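Please walk through this structure with the explanation below.

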Amino acid sequence: MKTDLYTSPVTNPLLTPENQAFAQDVIQGLSQNPKRLSSKYFYDGAGSRLFQKIMELPEYYLTRAETEIFTQQQAAITAQFAAGGPFNLVDLGAGDAAKTKILLHQLVQINAAFTYLPIDISVDALQDLNRSLARELPGLSVQPIAGDYFKSLEQLQNTSGQRKIVLFLGSNIGNFPAAEIRGFLQKLRQYMFAGDQILIGFDLKKDPHLIRRAYDDAAGVTAAFNFNLLHRINQTFGGNFELDHFQHFAEYNPLSGEMRSYLISTREQEVTLQNLDFTIGFKAWETIHTESSYKFSEAEIKSLAQEAGLHPRHLFTDANQYFANVLFDIE
């Protein structure tokens with residue numbers, strides 16, 4: 001089947017439910033003009049390992065900046081958390097919780113009354129995290145929740161009346177399409193009550209060259225991370241993407257604050273996903289948009305908060321003011 005528009009549901013009985021959703025997104029994304037692939041599929045095993053390498057790159061300032069904030073200002077941050085009495089610490093997209101653990105150790109040290117609730121779609125990641133926390137903080141009360149952010153928050157809303165402090169760390173808020181950032185914050189606000197708090201990580205606007213290098217490093221690790229998405233599609237769906245005939249390209253728009261990553265076809269070609277009976281054509285220099293990451297000014301953060309009904313309490317930044325973790329009150 002060769003097509004430029006394909007939206008029928010994928011119901012291949014040989015695919016797992018997860019891969020059926022993946023297949024649907026791939027077919028729909030490649031059938032659009034311009035073509036796109038969702039960044040949520042970056043993180044298979046190989047992608048996760050590559051991202052760990054990205055976080056160690058000299059060009060990739062984001063992780064170091066947020067880690068610096070937590071390391072240098074952990075006492076001030078956790079004091080804000082504990083001031084309102086007992087609470088549930090809800091960690092959206094917890095992963096390995098490497099940065100969260102800095103705060104967890106400090107909260108335990110000050111004898112804060114809290115339960116840690118990491119939320120992640122990966123059961124394996126939560127099991128690994130639970131084991132590591134049992135070793136590092138054996139007395140910590142942990143209640144992992146596997147699932148979607150909002151379904152998990154709804155479940156928590158129905159089962160616990162405890163005050164909540166929600167963490168949304170990294171630069172995850174910037175990975176939503178621009179039109180969806182406000183909607184996400186407004187929806188998150190619906191699950192919060194007076195006395196709750198939210199701590200959100202924002203990558204701040206800065207030297208455009210510094211930002212672009214973080215997504216196009218000299219060693220080519222970010223390029224490999226981008227290419228791995230095509231490799232995953234080949235492996236999962238019997239595809240014949242020839243990676244040598246695509247190139248990684250990253251660009252930053254300092255006006256909109258949008259960092260975009262692409263894979264660009266360097267020649268006219270056809271790609272077939274044999275397991276899906278799907279073939280798509282590429283023109284020479286046609287793009288696949290794979291990721292957007294938005295950067296914010298302090299004024300833009302305040303505007304987003306106001307529209308969502310959030311009240312900024314404190315803005316914590318690193319020494320270079322590359323990154324901010326903003327604590328919001330719910331009133």
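In this predicted model, an open sheet is built from 7 strands, in the order S4-S3-S2-S5-S6-S13-S12, with mixed pairing. Its edges are strand S4 (145–146) and strand S12 (311–317), each of which pairs on one side only.

To strand S3, S2 is joined by 6 bridges, and the two run parallel. Within this pairing, Tyr 116 of S3 stands opposite Leu 89. Between S2 and S3 the chain passes through helix H4 (residues 100–109), making a β-α-β crossover that is right-handed.

S2 also pairs with S5, again in the parallel sense, over 4 bridges. Here Val 90 has Val 166 of S5 opposite. From S5 (residues 164–168) the sheet continues to strand S6 (residues 197–203): 4 bridges join these two strands, which run parallel. Leu 167 has Leu 199 as its bridge partner in S6.

Helix H5 (residues 123–136) lies across S3 (114–120) and S4, and runs at about 150° to S3.

In soluble globular proteins, nonpolar side chains tend to be buried together. The largest nonpolar core here has 41 residues, of which Leu 30, Phe 237, Phe 241, Leu 273 and Ile 288 touch the most other members. Helix H9 (residues 221–237) gives the most to this core, contributing 8 residues. Leaving aside residues up to four places away in sequence, Phe 241 touches Leu 30, Leu 230, Ile 233, Asn 234, Phe 246, Val 271, Leu 273, Phe 282 and Ile 288.

Last is the annotation. An unreviewed UniProt entry annotates residues 22–328 as "domain: Histidine-specific methyltransferase SAM-dependent". In the model, the span of residues 22–328 is 41% helix and 25% strand, and its end C-alpha atoms lie 35 Å apart.

Conventions:
Residues numbered from 1 in each chain as written. Predicted model: local features only at pLDDT ≥ 70, side-chain atom pairs only at ≥ 80, totals over all residues. Heavy atoms only, no water. Pairing = 2+ DSSP bridges. Contact = heavy atoms within 4.5 Å. Axes fitted to C-alpha atoms, helices over the stretch in contact; angles between N-to-C directions. Right-handed = clockwise from strand over helix to strand, strands pointing away. UniProt positions renumbered as here; feature names shortened; annotations may be inferred. Core = buried A, V, L, I, M, F, W, Y, C linked by side-chain atoms within 4.5 Å. Buried < 20%, exposed > 50% of the residue type's maximum accessible area, 1.4 Å probe, protein only.
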